[in-house]
Amino acid sequence: MLVSAGTTTPLIQRLSVLNCFSQGAPYKTPEHAIEPHLNGDNMISRRQLTQAGLAALALPSIAVAAPFTSQTIKVIVPNSPGPGTDVLGRFFATYMAKQWNTPVFVENKVGSGGQLATDFAAKAPADGTVILITTSAHFTYPYLHAKLPFNPLTDFTPVAQFVQGAFAVVVATDSPFKTIQDLINEAKRNPGVISFASAGVGSPTHMAGAQFGHAAGINIVHIPYKDASQVMTDVIGGQLQMGLTGTSTAMSMIQAGKLRALAVTAPKRVPALANVPTLDESGLRGYDVTSPIFALTRLVRHQPQSQKFLGSCSRLPTLLSSRRWPTSWVM
């Protein structure tokens, strides 16, 4: 499936959701969430998305309880091993296995821009034994697909928000594009010739690339991939002119000299890529796209077992804020 980023203006107006997740905002249960709606200009505001129930994932204040189950816990990650979601999923699994004294396993379910993993988690028993590690793509699904086998709001309960992830615009080291402006100029000379790859339709990198095309006024062609690692392989091999991928995912290839980062999507430079400008600095004023990584599960909230589950997770915000995460992420 090829999607021209230069023709996605209505979609981008609806899906400027990648950077609307603010930590610390009041928690709202799904049953009281306010459904996002369109303004007169067809744009969902940050305030509306924040009020949409799961935009802010502050945990309720519940005293730590005993391990809530003797069952094996599955942590579902929508990517292959390696990217930030996988790293955080494994951290979460290790921590909770000690907290619960219960086996916790990570299972990578790759495909359909994260929908495969989300659908699996949505069909799990509502007892907290299956936990989904996901990104802001979770909330874009309804705006990209007329029918979904799950409801992103009402089928899940927030567990924790980890970090904000930034993305990098990368090219091969032998690419003629030395700066973002080089790439934009070429795209304007030859509309529809330059393609970019993402981790799938509706993924944060898809939205970041489409927003880039819209902000720059260029027509670039989206090529969805099943997995972020293959994106980097094909950019390095010259099959793709450019790719968008998480900064933490691309870091090793950038440091090895196999990829060149032209810009990052965050509003400020990423510490681990201090010499790489932001897209805002590169001339796309106001460009700001990051995506949270967080954990969701299925729970019947008012049952005692659910309270035990959430209670056992109550130390996570302090633990996450005190941990030294890779400087390739935006905190």
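# What the labels rest on

Guide: Buried in helix H8 (residues 228-236) are Ala228, Val231, Met232, Asp234 and Val235.

Visitor: What puts these residues on the same side of H8?

Guide: Their arc around the axis is only 170°, so they lie on the same side of H8. The arc is taken from the directions that run from the helix axis to the C-beta atoms. Buried means under 20% relative accessible area, exposed over 50%, partly exposed in between (1.4 Å probe, protein chains only). Helices (H or I, at least four residues) and strands (E, at least two) are DSSP runs, numbered from the N terminus.

Visitor: What kind of model is this, and how are residues numbered?

Guide: It is a predicted model, with residues numbered from 1 along each chain as its sequence is written. Local features need pLDDT of at least 70 and side-chain atom pairs pLDDT 80 or more, totals for chains, interfaces and linings use all residues, and side-chain values use heavy atoms, without hydrogens and water.

Visitor: What covers the buried residues of H8?

Guide: The cover includes strands E6 (167-172), E7 (195-198), E9 (242-246) and E10 (259-264), along with helix H9 (247-255).

Visitor: How do H8 and H9 pack?

Guide: At an angle of about 35°, with axes 10 Å apart. Axes are lines fitted to C-alpha atoms, for helices over the stretch in contact; angles run from 0 to 180 degrees between N-to-C directions. Ala228, Met232 and Ile236 of H8 make the contact with Thr249, Ala250 and Met253 of H9. Contact means heavy atoms within 4.5 Å.

Visitor: Where is Gly257, and why is it called partly exposed?

Guide: Gly257 lies in the loop between H9 and E10. Its relative accessible area is 39%, so Gly257 is partly exposed. From Gly257 to Ala172 is 8.9 Å, C-alpha to C-alpha, across 85 residues of sequence.

Visitor: How many aromatic pairs are there?

Guide: Two. Rings of Phe, Tyr and Trp (its six-membered ring) pair if their centres lie within 6.5 Å; planes under 30 degrees apart count as stacked, over 60 as edge-to-face and the rest as tilted.

Visitor: Why is the pair of Phe139 and Phe294 called tilted?

Guide: The planes stand at 40°, so the pair is tilted; the ring centres are 6.0 Å apart. Phe139 is in helix H5 (residues 137-144) and Phe294 in strand E11 (residues 291-299), so the pair links distant parts of the chain, 155 residues apart. Phe139 and Phe294 are both buried.

Visitor: What makes Tyr141 and Phe150 an edge-to-face pair?

Guide: Their planes meet at 75°, so the label is edge-to-face; the centres are 5.7 Å apart. Tyr141 has a relative accessible area of 1%, so it is buried. Phe150 has 6%, so it is buried too.

Visitor: Which charged end sits over the ring of Phe120?

Guide: That of Lys109, 4.4 Å from the ring centre. A charge sits over a ring if NZ of Lys or CZ of Arg is within 6 Å of the ring centre and within 35 degrees of the ring normal.

Visitor: Which residues of helix H4 (residues 115-122) are buried?

Guide: Gln115, Ala117, Thr118, Ala121 and Ala122. Their arc is only 160°, so they lie on the same side of H4. They pack against strand E2 (73-77), strand E4 (127-135), H5 and E11.

Visitor: How many of the 331 residues count as buried?

Guide: 54%. The protein has eleven helices and eleven strands.
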